[in-house]
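Biologist: Could you walk me through a few side-chain interactions in this one? I'd like to take them one at a time.

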Amino acid sequence: MPVIRQLSPSVVNKIAAGEVIERPASVVKELLENSVDAGATRIDVALGQGGTDLIRVSDNGHGIAAEDLPLAVASHATSKIADADDLFHVGTFGFRGEALASIAEVSHLTIRSRLATAEAGYEVEVVGGVRRDVVPCGCPVGTTIEIRNLFYNTPVRRKFLRASQTEIGHASEAFTRIALAQPQIHFTLRHNDKLLFDLPPTANWRERIAAFFGRDLESTLIPLENRDGDVRLFGFAADPEHSRANNRMQYVLLNGRFIRDRSLQHALSEAYRGLLLGGRFPIAFLRLEVPADAVDVNVHPTKLEVRFADSGRIYALLLGTIRKKFLATDLTARVRSPIGMPQPGAEVADSTAAAEHREVLIAWAKGALSTGNRGQGTEDSAICDEQSALELRFEPPPGPPLELNRLDRSWPPPTISARQHEAAEFAGRLASQIQARSASDGATPFQGVPPTHHSRRSHLGFQIHNRYLITENEAGMVVIDQHALHERILYEQLREKVLAGQMETQRLLVPEPVTLPPAEAAAALEARETLAQLGIEVEPFGGDTLLVSSYPAMLANLSPADLLRQVVELLITSHKGPERRDLLDELLHMIACKAAIKAGDHLAPEEITALLEQRHCYQDAHHCPHGRPTALVFTREELDRRFKRT
């Protein structure tokens, strides 16, 4: 019979280390949190070999008194709580008092600390859980904790550590989570004596975000702020054109602490519903300020998960704030210059130098640069010398020197031949627009080429390649995907009708029998109520055969049998146990996609007009229900940049 025995403190600390200290990144997190709790304004982190050989965290915080150093490495000794009631009002990152003891059990740990009022610092060293005496040392005000040879006495744990680059990646993420939440603190991170991050303190949180994730992402962030009583939400959500294949770029900071909460992640996904493609996740940097007694942070070994007293309230606040902000924001995708393309004015940084360069070019074009005035020591002369050394001979043509003349724009319009029919059609469209503008301005109309009989334009825009619509707004030129836009419009119309119970259906005089595999037939019958909301009425007919007695009127070009099979396929492939609302939404997506015009469909001018007029009548018209953008905006500035006008 097994005998129950009391475990030694060393074994207890090793067990705790197994829960709290998973890898070097866990040590970095615990030490950084201690430094923040100590009121530091600067924290320096140095790692060696991903943190397996060296982890050093130095801060300029309050420091630790010499008599408290032995307690600092003792198990369950802390200055942050005094009794059980304090667990429900935790205002610091750490409070359990087991991190340093656990780390010291599986490493060589050294603490050097000095109070601001002390003349010297003190040092304590712990090797594999064995503490040595506290001795004086020289050190600046604050605390430096150095860990070497992590997991040296637990070879199994050390064996499962990854390569140095993998471990530094995890450590950098732990560093990012804390430095992101504390922009008022100066942070640095070094790895193998190489500086990775140097983050000066800032009052602008966007600057700290840009330091980690770049200006391209920071420039697309949409500010958020809302309050529900004593709960405050603020931060940034990225434009839907920026997303990730995972949710690692969702930073939710609760009272300055990074957390992972499935409920809040779900609220974030719901806020972006219909704005992202399947399998993509939104990017967000959110801060929540909640009273300490309204949240329990003592539910996870690493305090990564928390429990809210009223999670529904937090969920509704997050979802409502983002959705309202999106409805008030133009999320139409914009074409941006590729990285490296010069910005407006970048080509002419020095106007004087540009003028001199222009004069040199004009002089060269006129043939004024003779052999005699080269070699005057200028940069342009040196370039000419290098060019003259090449075995290339450019003899000036006989006659007077080249002169520059203004271009005469008063040439007559060209005659249009049969071979130029396509160009004439395009010119006709442009001429018609110019005539309309001239007439409104009272000017003489431009006598261009008349439009052809096959024109595909309305007064709002025109169609190209039977798939895109071209129009304009106050920002610039807009290119619209006709299928994506029509799909969004139909989806919004369908959703309104389904919610109001006014879905137009087409009843069949003779119900159509459809035979399905047993699993699909069962799925269709199980979802009969949901299908009926969409106008699809089915009933059993014996065996695995179903009768379809009605279907949506807008899908008249699709046979009831094909429609039912596609719907059932969606039912089968949906996630396990989908909510009725989610299932209904997916079916609406499918019906809208099937009923919308397709790429390749020719549109009459009246259809183009109707489509463009309805674009502004529905919310989220900038994305189709599946998350693809419906339009791209080429801003006037971007067009000027592309045509080298700036």
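**Salt bridges and a threonine**

Modeller: Let me begin with R628, which is partly exposed, with a relative accessible area of 29%. Please keep in mind that this is a predicted model.

Biologist: Which side chain meets R628 in a salt bridge?

Modeller: That is D481, and the N to O distance in the salt bridge between D481 and R628 is 3.3 Å. D481 lies in strand β20 (residues 476-481) whereas R628 lies in the loop between α19 and β24, so the pair ties together parts that are 147 residues apart in sequence.

Biologist: And D481, buried or exposed?

Modeller: D481 counts as buried, its relative accessibility being 17%, whereas R628 is partly exposed.

Biologist: What is T630 in contact with, leaving aside its neighbours within four places in sequence?

Modeller: Its contacts include V479, I480, D481, A484 and L485, and also A621, H622, H623 and C624. D481, which is in that list, is the residue whose side chain meets R628 in the salt bridge. As for A621, its backbone oxygen lies 2.6 Å from a polar atom of the T630 side chain.

Biologist: Changing topic, how many salt bridges are found in the whole structure?

Modeller: The search finds 28 salt bridges. One of them joins the side chains of R206 and E218, with 2.7 Å from N to O. R206 belongs to helix α7 (residues 205-213) and E218 to helix α8 (residues 215-218), so this pair ties together parts that are 12 residues apart in sequence.

Biologist: Are those two buried or exposed?

Modeller: R206 counts as buried at 18% relative accessibility, and E218 is buried as well, with a relative accessible area of 10%.

Biologist: One more, then: what does D228 form a salt bridge with?

Modeller: D228 forms a salt bridge with R313, and the closest N and O atoms are 3.2 Å apart. Since D228 lies in strand β10 (residues 221-228) and R313 in helix α10 (residues 311-327), the pair ties together parts that are 85 residues apart in sequence. D228 counts as partly exposed at 32% relative accessibility, and R313 counts as partly exposed at 26%.

Terms used
Residues are numbered from 1 along each chain as its sequence is written. This is a predicted model: local features need pLDDT of at least 70, side-chain atom pairs count only at pLDDT 80 or more; totals for chains, interfaces and linings use all residues. Side-chain values use heavy atoms; hydrogens and water are left out. A polar contact is a pair of N or O atoms within 3.5 Å; within protein, one must be able to donate a hydrogen and the other to accept it, and residues adjacent in sequence count only if both atoms are side-chain atoms. Contact means heavy atoms within 4.5 Å. A salt bridge is a side-chain nitrogen of Lys or Arg within 4 Å of a carboxyl oxygen of Asp or Glu. Helices (H or I, at least four residues) and strands (E, at least two) are DSSP runs, numbered from the N terminus. Buried means under 20% relative accessible area, exposed over 50%, partly exposed in between (1.4 Å probe, protein chains only).
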